[in-house]
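Good morning, and thank you for coming. I would like to walk you through one structure, beginning with a term that we shall need throughout.

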Amino acid sequence: MNDFDHDASMSLEELRRSFPISDRVNYLNHAATGPISRGVQEAIRRQTEIHTTQHETATRRYEPIYRECRESAARLVGTSAAHVAFIQNTSHGISLLANGQDWREGDNVIVPEMEFPSNYLAWLSLADRGVELRRLKVIEGRVTPEQLSRAIDDRTRVVALSHVQYFNGFRADLSAIAAVAHAHRALLVVDGTQSVGAIPIDVEAMGIDALVVSAHKWMLGPLGVGFMALSGEMLARTRVTQLGWLSVNDPFAFNREIDLPDDATRFEAGTENAAGIFGLAQRFREIEAYTIERIERRILRLNDRLADLARRHGFEVRSPMEAGARSGILSFHHPAIADPDTVAYLQDLGIHIGFREGALRVSPHYYNSEDEIDELVAALVKKSDVR
Ligand SMILES: Cc1ncc(COP(=O)(O)O)c(C=O)c1O
């Protein structure tokens, strides 16, 4: 097997070879940004090679990859290609959705108070159209359907939240949340950036109206590209607010008429991020070869090991750990290491983690090793002198 291929039987050693960052550092910060594999790098190189030397054939060569990538995205998240639109990033996708609803003065949107700003500010900006932002309290690090039931009413048009909260890794029960939202005819908008690529998701089975994903974290994809998966209801209710020549059915007719396709490509206004889509298409191939279920299992196993070791050394694990509520993110606290200096100290040792909301945030991916988890804990124990 060469370093560009992925398959279901690959050993950890082979997997690590395809992620050359693992040669140099102990990278445990995928909730911030993920490195790309040699395969993704090669796919991007292939696109730039076409652009450099065979540019006259570019459209013919790019189209099949765009199609493949859209179909792969649909398969990974449980929908069909007609429901998938490429976007630049999560902030872009959420803004398209927020600005596209037919808002009436007195409508409201419900968002968790600790939500990452990408899925918060676009809704907050609707205040000047008379839309109220209702903040759901995060209690013991969680957002529950019961809380949502108390906050929602018949003027709620959208419930927006992350599948996995960025600061503590809490995984929301999206099916139950969708049921509450839909009972009030509200749309459910989910930021999947901290989950997709690490854990399975099925938008149609779960009742998600919009799943918005950036490729550069758990997807281990390129920067500046992502996708969103929209339900039929979301497609029907969302006005297209960013229009360009590619938004329409027959762009090469140059018609100057707003003749939008029925599918989600109506949200793609102009020239695609070709390099990004080539890289993302390769990443989907790698995920399919290894399988998302095995990726999740491996990540959760690494986090089990980390949680056990951390507790044994007196750290308080802050992430919900029960099945169904946990994810790739594990955050923990100890008074002696509860400061961003700890992150800098670890960086000097070649160990990379994050610090959010007063806790250390560790986010391993499937190519990380058990030894890397042990190395992190040993370094923290040394710094904090806890045993
Ligand atoms: C939940 C969540 N959504 C989105 C992003 C990134 O947003 P964007 O891709 O728009 O830069 C982050 C980054 O930390 C995040 O944690």
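A residue is called buried when its relative accessible area is under 20%, exposed when it is over 50%, and partly exposed in between, with a 1.4 Å probe and only protein chains considered. By that rule L220 is buried, since its relative accessible area is 0%.

Before I go on, a word on the source. This is a predicted model, in which local features need pLDDT of at least 70 and side-chain atom pairs count only at pLDDT 80 or more, while totals for chains, interfaces and linings use all residues. Residues are numbered from 1 along each chain as its sequence is written, and side-chain values use heavy atoms, with hydrogens and water left out.

Let me stay with L220 for a moment. L220 sits in the loop between β7 (210-214) and β8 (226-230); helices (H or I, at least four residues) and strands (E, at least two) are DSSP runs, numbered from the N terminus. Its phi is positive, about 55°, although L220 is not a glycine. Most residues other than glycine have a negative phi.

T291 is another residue other than glycine with a positive phi, near 85°. T291 is located in the loop between α11 (274-290) and α12 (292-312). With 26% relative accessibility, T291 counts as partly exposed.

I turn now to the ligand. Which residues come nearest to the ligand? Of the 13 residues around it, they are S91, D191, Q194, S214 and K217; here, a residue is near a molecule if one of its heavy atoms lies within 4 Å of it. This shell divides into two nonpolar, nine polar and two charged residues. In that count, Ala, Val, Leu, Ile, Met, Phe, Trp, Tyr, Cys and Pro are nonpolar, Asp, Glu, Lys and Arg are charged, and the others, Gly among them, are polar.

Several polar contacts can be named, a polar contact being a pair of N or O atoms within 3.5 Å; within protein, one must be able to donate a hydrogen and the other to accept it, and residues adjacent in sequence count only if both atoms are side-chain atoms. The side chain of S91 places an N or O atom 2.5 Å from an oxygen atom of the ligand. For S118, a polar side-chain atom lies 3.1 Å from an oxygen atom of the ligand. D191 has an N or O atom of its side chain 2.5 Å from a nitrogen atom of the ligand. On its own the ligand has 400 Å² of accessible area, and the protein covers 87% of that; such areas come from the Shrake-Rupley method with a 1.4 Å probe, and for residues only the protein chains shown count as cover.

Next, the interior. A nonpolar core is a set of buried Ala, Val, Leu, Ile, Met, Phe, Trp, Tyr and Cys residues joined through side-chain atoms within 4.5 Å. The largest one has 69 residues, of which V77, V196, L211, M219, F227 and Y366 touch the most other members. Helix α4 (residues 58-77) gives the most to this core, nine residues.

S363 is found in the loop between β13 (359-362) and α14 (370-384). Is S363 buried or exposed? S363 counts as buried, because its relative accessibility is 0%. Its side chain reaches the backbone nitrogen of A31 at 2.9 Å.

R150, in helix α7 (residues 145-151), counts as exposed at 66% relative accessibility. R150 and F254 are 104 residues apart in sequence, and their C-alpha atoms are 50 Å apart in space. E56 belongs to the loop between α3 (38-53) and α4, and with a relative accessible area of 68% E56 is exposed. Finally, R305 in helix α12 is partly exposed at 33% relative accessibility. Its C-alpha atom is separated by 47 Å from that of V240, 65 residues apart along the chain.
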